[in-house]
Amino acid sequence: MTPLRTASRTLTRALVLVAAMLVGVAPALPAHAEPSISEIEAEIAKTWEKLEPLVEDYNKVHSDLVKLQKKAAGLETKLQPLRLTVEVTRTRVGVIAAEYYKGGRNAEVNALLSSGSPKQFADQLMMLQQIAHGKQEQISATSEAKAKYDGEKATLDKAIADTKLKDADLAAKKKVIEGEMSRLQKLRTQAYGTGGSGGSLKIGAACPAQMGSGKGQTAAAWACKQISKPYVWGAAGPSSFDCSGLTQWAYAKAGVSLTHYTKDQWGETTKVSTPAVGDLVFFYGDLHHVGMYVGTVNGRRVMVHAPHTGDVVRMQYIDVMPVAGYRRAY
């Protein structure tokens with residue numbers, strides 16, 4: 001039995017194992033036929049298609065956690081002066097009340113005797129009551145605002161705690177998938193040598209394939225500079241990337257902010273029917289993969305993207321995966 005046949009059979013068994021463990025069983029290659037390199041690539045792509053949504057789920061949860069923590073920090077900043085205002089105002093009202101009541105009737109008589117007339121006395125009492133009332137209203141308004149923010153912060157704290165649990169759970173699954181995909185990559189290398197990932201899918205062309213100007217061109221140029229850097233789940237540069245991490249990082253270089261999550265990036269961008277260099281291209285019905293359009297080669301549209309664990313950032317023909325749509329980020 002040839003080394004290629006042995007390695008490819010081992011690869012098939014590994015693919016079935018990881019798919020069964022995490023997302024269901026992937027169909028094995030026919031046992032009677034020795035698979036070609038492109039068939040091996042197709043089998044790995046099929047398995048990753050089932051695994052990558054979990055990667056983007058992790059990105060979503062992690063992005064949500066960061067946003068919640070920033071919001072909680074903002075609320076805490078608002079709460080600090082409110083707490084101080086309530087404390088100081090209550091102290092002032094306490095002093096007024098103590099001064100007014102500690103003398104009882106004697107204080108009223110002394111005020112009357114020292115005032116020029118009963119009218120002056122009445123005016124002084126009225127003013128004192130108004131001051132006390134105003135302070136009490138101030139306490140009330142400040143306390144209500146504080147209570148509102150306290151309630152929001154309590155809700156946020158619970159959401160943060162829940163999201164941290166999800167984040168930890170997905171991080172554990174991430175380790176399992178990364179380990180399996182790393183092993184599959186080694187099997188693939190054994191099957192057809194050390195020529196690198198992609199086999200016949202490699203594109204020998206300049207990146208970007210077409211030149212242009214503006215933010216899209218800037219983002220595309222930065223994305224192309226990352227070619228050959230490794231795919232790492234949840235990474236957003238500068239030394240490694242996953243698919244949405246690459247597009248987020250490249251567009252940040254062009255001054256455009258995107259969330260590290262494919263579905264959010266879809267919502268943060270505008271639909272276009274004909275892509276220009278730098279436009280994002282999304283794949284599959286659930287939008288779990290994204291790349292960046294960089295032009296055409298041999299009449300076919302080409303993107304630069306971070307494919308999957310065990311692979312590297314590279315150019316690839318767009319039509320190798322089902323396109324969900326093109327979006328513009330600027």
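A residue counts as buried when its relative accessible area is under 20%, and Cys 243, with a relative accessible area of 0%, is therefore buried. The legends below use the word in this sense, and they describe a predicted model.

View 1. Read along the sequence, the elements follow the pattern α-α-α-α-α-α-α-β-β-β-β-β-β. Buried residues make up 40% of the 330 residues in the protein, while the accessible surface comes to about 16,800 Å², of which 58% belongs to carbon and sulfur atoms. Among the contacts with a separation of 6 or more, 65% are accounted for by residues 24 or more positions apart.

**View 2. Helix α5, which spans residues 215–224, has one buried side.** The buried residues of this helix are Gly 216, Gln 217, Ala 219, Ala 220, Ala 223 and Cys 224. They cover an arc of only 165° around the axis, which puts them on the same side of α5. An α-helix has 3.6 residues a turn, so residues three or four places apart point the same way. The buried residues of α5 pack against helix α6 (243–253) and against the strands β3 (289–297) and β4 (300–305).

**View 3. A disulfide joins Cys 207 and Cys 224.** The sulfur atoms of Cys 207 and Cys 224 lie 1.9 Å apart, and the torsion about their S-S bond is about -65°, so the disulfide is left-handed. Cys 207 lies in the loop between α4 (118–192) and α5, whereas Cys 224 lies in helix α5, so the pair ties together parts that are 17 residues apart in sequence. Cys 207 counts as partly exposed, at 23% relative accessibility, but Cys 224 is buried, with a relative accessible area of 9%. Cys 207 is also joined to Pro 208 by a cis peptide bond, with omega about 0°, and Pro 208 is placed in the loop between α4 and α5.

**View 4. The largest nonpolar core contains 39 residues.** The members that touch the most other members are Trp 233, Tyr 251, Leu 280, Met 292, Val 294, Val 302 and Val 304. At least two residues of this core come from each of α2 (37–101), α4, α5, α6, β2 (280–283), β3, β4 and β5 (314–317), and α2 gives the most, with six residues. Leaving aside neighbours within four places in sequence, Tyr 251 is in contact with residues including Gly 216, Ala 219, Leu 280, Met 292 and Tyr 330.

**View 5. Strand β6 (residues 323–328) pairs with β1 and with β2.** Strand β1 (residues 270–272) pairs with β6 in the antiparallel sense over three bridges, and here Val 272 stands opposite Tyr 326. The pairing of β2 with β6 is antiparallel over four bridges, with Phe 282 standing opposite Gly 325 of β6.

**View 6. Several loops hold backbone exceptions.** Most residues other than glycine have a negative phi, and most peptide bonds are trans. In the loop between α5 and α6, where Ser 228 is placed, the phi of Ser 228 is positive, near 90°, and Ser 228 is exposed, with a relative accessible area of 53%. Pro 238 lies in the loop between α5 and α6 and is joined to Gly 237 by a cis peptide bond, with omega about 0°. Asn 298, in the loop between β3 and β4, has a positive phi of about 55° although it is not a glycine; with a relative accessible area of 69%, Asn 298 is exposed.

Technical notes:
Residues numbered from 1 in each chain as written. Predicted model: local features only at pLDDT ≥ 70, side-chain atom pairs only at ≥ 80, totals over all residues. Heavy atoms only, no water. Buried < 20%, exposed > 50% of the residue type's maximum accessible area, 1.4 Å probe, protein only. Arc of directions from axis to C-beta. Contact = heavy atoms within 4.5 Å. Disulfide = S-S within 2.5 Å. Areas by Shrake-Rupley, 256 points an atom, 1.4 Å probe, with all protein chains shown as cover. Core = buried A, V, L, I, M, F, W, Y, C linked by side-chain atoms within 4.5 Å. Pairing = 2+ DSSP bridges.
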